[in-house]
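Me: I am new to this structure. Please take me through it in short steps.

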Amino acid sequence: MNGQAIAQAAAAEVKQPGRSRWRAFCALSLDFWTGDTKRKAWTLTGLVVLCIALQLGAQLSINEWYRNFFDALERKNVGLLTWATVLLPALVAFSGLAISGTLVARMTLQMRWREWLTRKLAGWWLGDRRYYRLEIAAAEQTSPEYRIAKDVQLAIDPLVEFAVGFLTALATALAFVGVLWTVGGGLELNLFGARLVLPGYLGFAAVIYAAVAGAFAYIAGRPLVPAVAQKNETEAQFLAELTRLKENAESIALIRGDADELSSILQNYRRVVAAWMRQIQRNGVIATVQSANGALTPLIPLVLVAPKYLSGGLTLGAVMQLASAFMSVQVAFNWFIDNSVRVAEWMASANRVDELAEALESLDIGVIMEDKEYIEFGVSDDDSIHIEDLAVAHRNGRIVIAGANVVIPVGEKLLVSGPSGTGKSTLVRALAGLWRWGSGRILLPRNAHIAFVPQKPYIPLGTLRQAMLYSISGREIADQMIEGAMRRCGLGYLVKHLDEAQRWDQILSGGERQRTAFVRLLLLRPQIIIMDEATSALDEESQISMLRLFNEDLAGATVISVGHRAGMEDFHDKKLVLERRAAGAHITSGKLQKSLWHLFDDAAPY
């Protein structure tokens, strides 16, 4: 499902105050059985069910074997004992194959379902630049990458195991309760001279005992759900804190912030330890319930069948068969006890996945449903950029820029300036389509190729060639063009390293990264270039060298740039100034007078 289709579906499911996260997660993920993958999903599901049926058949066969073997042992029947001994390896092999088949089918279903949901969430997150807008609109939704990479697995894998376990438990319970009912028969009691018959008493006893044990397990395990959710959240926050430290290592080292960072990290980890201790305490309670149940379960059926065996109503083989059947019923009914910790972990992870889905829904619903609360984009008739009655707002509704009306003709170079906090970068993001909150219209030329140059250009993993060609696709670019663009932008000394795969995002300096962005512009030749402090890391001569490209190689491009450094006005035709006002920044514009010596100076390095 593509991003637009998901957005339309999300609009139909606006969050209600009483939203159940686990139900919402199931509604999101169960499309695996109804969409394009339904044939694969139902085939794997059918295979799992078939293997479960074979596994149950093997269990019933082994249960019947118990009766035959111990009856033969009681009667000292050597022939029957020999036959039972010969048959046992075949039954064990059949059971092993059925269990193995169930395991392989279940894990394949888990992997394919996780693959589908990961594709869906990753495509939703990355589509329409939601990964960027989410950081602004829903900053409380921390670590979306962790939710997609890890929580999806922790939500899908246990859910399949629970479904398989429930189906296996239900079928096993019904089958072996039937064995207890038919083989165990009724129990006759004499109470105060009255004869009382309890038909199928072992079946009733097994169900009642399992219900009581399950109730204790539910009571013990229920507080574990919030404990696990809090533990996962604190773990994710701790990981995010360490990642932030790594990403800002240089800045922290330069200002000697080691002690402050260590204090912050240890404080974060104390929250992780506290969350783990709460979970450990709940696990201790659950372990007590599990150990008590494990000790009682083998003894109860023997106590219940002892009167009938002593009275001659049951053979030794029947006793062993009934004891085995009782144990099987308990294993079937107690799957919740055995998986209570994983139920809690599943609910916590499902909640976190749904929180991400809800945040993505809110972005789409805000764009689709609030007709007057977002910036509209359209196509201009004259190939100019038109900004009409533009008001840019924060997500909370506070106006940042109010009533902007600007026309930017083809090829014009526009400089945006103003005091810090007036919304310069926000205006640039709105023009680039990254910021949708506000009102008014932005009209762009039809099929115009727009390039956005941020202050800190992104450098992908891989070779230096891949870094230079990042975001450029659909056409072959000759080595001579790449090398020429690098030399033109002052990176000629790196040409010999083009095919080396290194951590270029760590090797290249801030200035080199910004030069790399200009190399991409030369190779891409976009019609519209939007820049946000794109020369801030360059010295003055290097800045002049890069900006001169807009008068030479990129003279036909329309340029909109945010900047405040000296000398930038000489390479722009018009200047927009944002003036701070209480109701939102006001925009004024005017033509710029250029210093001719910048245009003809050849001293800039290449």
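Me: How many salt bridges does a search of the whole structure find?
Reply: The model is predicted. Side chains of opposite charge can pair when their charged atoms come close. Counted over the whole structure, the salt bridges number 19.

Me: Which residue forms a salt bridge with Asp71?
Reply: Look in helix α3, residues 38-75. The closest N and O atoms are 3.8 Å apart, and the partner is Arg67.

Me: Is Asp71 buried or exposed?
Reply: Buried means under 20% relative accessible area. Asp71 has 7% relative accessibility. Because its value is 7%, Asp71 counts as buried.

Me: Arg119 and Glu115 also meet in a salt bridge; what is the N to O distance?
Reply: Both residues belong to helix α4, residues 78-126. They are 4 residues apart, so about one helical turn lies between them. Arg119 is exposed at 60% relative accessibility, while Glu115 is partly exposed at 29%. The N to O distance is 3.9 Å.

Me: Which residue forms a salt bridge with Glu388?
Reply: The closest N and O atoms of this pair are 2.8 Å apart, and the partner of Glu388 is Arg441.

Me: How many residues apart are Glu388 and Arg441?
Reply: This pair links distant parts of the chain. Glu388 is in strand β4, residues 385-393, and Arg441 is in strand β7, residues 438-444. The two are 53 residues apart.

Me: Which residues are linked with Arg488 in a network of salt bridges?
Reply: Here the linking goes on as a network. Arg488 is joined in it by Arg548, Glu552 and Asp553.

Me: What span does helix α7 reach from its first C-alpha to its last?
Reply: Helix α7 covers residues 201-221, which is 21 residues. At 1.5 Å a residue, the expected span is 30 Å. The helix comes close to that, reaching 30 Å.

Technical notes. Residues numbered from 1 in each chain as written. Predicted model: local features only at pLDDT ≥ 70, side-chain atom pairs only at ≥ 80, totals over all residues. Heavy atoms only, no water. Expected span 1.5 Å × (residues − 1). Salt bridge = Lys/Arg side-chain N within 4 Å of Asp/Glu carboxyl O. Buried < 20%, exposed > 50% of the residue type's maximum accessible area, 1.4 Å probe, protein only.
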